[in-house]
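Here is a friendly briefing to read beside the sequence and the 3D view. It goes topic by topic, with the cut-offs given as the terms come up.

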Amino acid sequence: LPGPGDGFTQGPSDLAFTLGASNYRTGGVDLVDPVITDLLPPELSWAPPASGTNFWKVVTQDNDKTPHAQRLDSQPGCVSPKFEAIDDFAGTGRTMLRWSFDGCVLYHAQVESTVLNVVFSARMEAGLEGGTTISNQASLGDGGPDLDYNTATCDQPDGGVVVDTDDRDGD
């Protein structure tokens with residue numbers, strides 16, 4: 001989460017999420033220009049820091065054994081993504097948060113502890129009753145055309161492959 005001096009204040013109705021992307025389970029395919037998206041559920045909204053308390057931050061997690069050229073923290077594209085908050089994404093009435101990591105490569109067969117993390121907060125909508133379950137789903141793909149992406153939820157962290165019919169990766 002953001003630390004002291006980062007200029008972020010989490011509000012009492014904000015939830016923090018960490019989305020982690022890695023590429024250690026694929027068989028010989030590098031993930032070039034990864035795109036991480038989160039189509040917020042109706043119970044959540046996004047208010048950027050200038051007008052609200054929500055934040056986002058990239059936190060790279062490299063393994064000491066990763067060759068320097070393949071380290072996430074040595075690739076400028078892995079630490080400075082293009083961020084978009086798209087209101088009413090595809091007419092859903094929901095906000096899509098999208099981080100495009102152009103110039104970043106998640107090399108295949110990296111050890112498990114090499115992870116590209118996006119930490120962000122979202123605001124719970126007013127009027128939610130205590131005990132309300134909020135199901136949030138994120139996706140990971142790349143900037144290439146017509147590529148499927150993987151989805152993950154808290155209860156199914158490995159998710160599954162889904163066809164990108166609603167163009168979440170923005171290509």
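Ser100 lies in strand E7 (residues 96–100); helices (H or I, at least four residues) and strands (E, at least two) are DSSP runs, numbered from the N terminus. Please keep in mind that this is a predicted model, in which local features need pLDDT of at least 70 and side-chain atom pairs count only at pLDDT 80 or more, while totals for chains, interfaces and linings use all residues. Residues are numbered from 1 along each chain as its sequence is written, and side-chain values use heavy atoms, with hydrogens and water left out.

- At 10% relative accessibility, Ser100 counts as buried (buried means under 20% relative accessible area, exposed over 50%, partly exposed in between, with a 1.4 Å probe and protein chains only).
- Leaving aside neighbours within four places in sequence, Ser100 is in contact with Pro34, Val35, Pro81, Lys82 and Glu84, where contact means heavy atoms within 4.5 Å.
- Because 5 of the 5 residues of E7 are buried, the strand is largely enclosed by the rest of the structure.
- Both faces of E7 are covered, with Met96, Arg98 and Ser100 buried on one side and Leu97 and Trp99 buried on the other.

**Strand pairing around E7**

- Strand E3 (residues 34–39) runs antiparallel to E7, and 5 bridges join them; two strands pair if DSSP finds at least two bridges between them.
- Within that pairing, Val35 has Ser100 as its bridge partner in E7.
- Strand E6 (residues 82–86) is also joined to E7 by 5 bridges, and these two run antiparallel.
- For Ala85, the bridge partner in E7 is Leu97.

**Salt bridges**

- How many salt bridges does a search of the whole structure find? The search finds 4, taking a salt bridge as a side-chain nitrogen of Lys or Arg within 4 Å of a carboxyl oxygen of Asp or Glu.
- One of them joins the side chains of Asp14 and Arg123 (2.7 Å, N to O).
- Asp14 lies in strand E1 (residues 14–21) and Arg123 in strand E9 (residues 115–124), so this pair ties together parts that are 109 residues apart in sequence.
- Asp14 is buried at a relative accessible area of 6%, whereas Arg123 is partly exposed at 27%.
- Arg71 meets Asp62 in a salt bridge (3.8 Å, N to O) and meets Asp73 in another (3.0 Å, N to O).
- Together, Asp62, Arg71 and Asp73 are linked in a network of salt bridges.
- Arg71 counts as buried at 19% relative accessibility, Asp62 is buried too, and Asp73 is partly exposed at 40%.

**Aromatic pairs**

- A search of the whole structure finds 6 aromatic pairs; rings of Phe, Tyr and Trp (its six-membered ring) pair if their centres lie within 6.5 Å, and planes under 30 degrees apart count as stacked, over 60 as edge-to-face and the rest as tilted.
- Among them is the stacked pair of Phe17 and Phe120, at 5.3 Å centre to centre with 20° between the planes.
- This pair links distant parts of the chain, with Phe17 in strand E1 and Phe120 in strand E9, 103 residues apart.
- Phe17 is buried at a relative accessible area of 16%, and Phe120 counts as buried at 0%.
- Ring pairs link Phe17, Trp46, Trp56, Phe83, Trp99 and Phe120 into a cluster.

**Ser139 in strand E10**

- Ser139 lies in strand E10 (residues 137–142) and is buried, with a relative accessible area of 5%.
- Ser139 and Leu39 are 100 residues apart in sequence and 8.6 Å apart in space, C-alpha to C-alpha.
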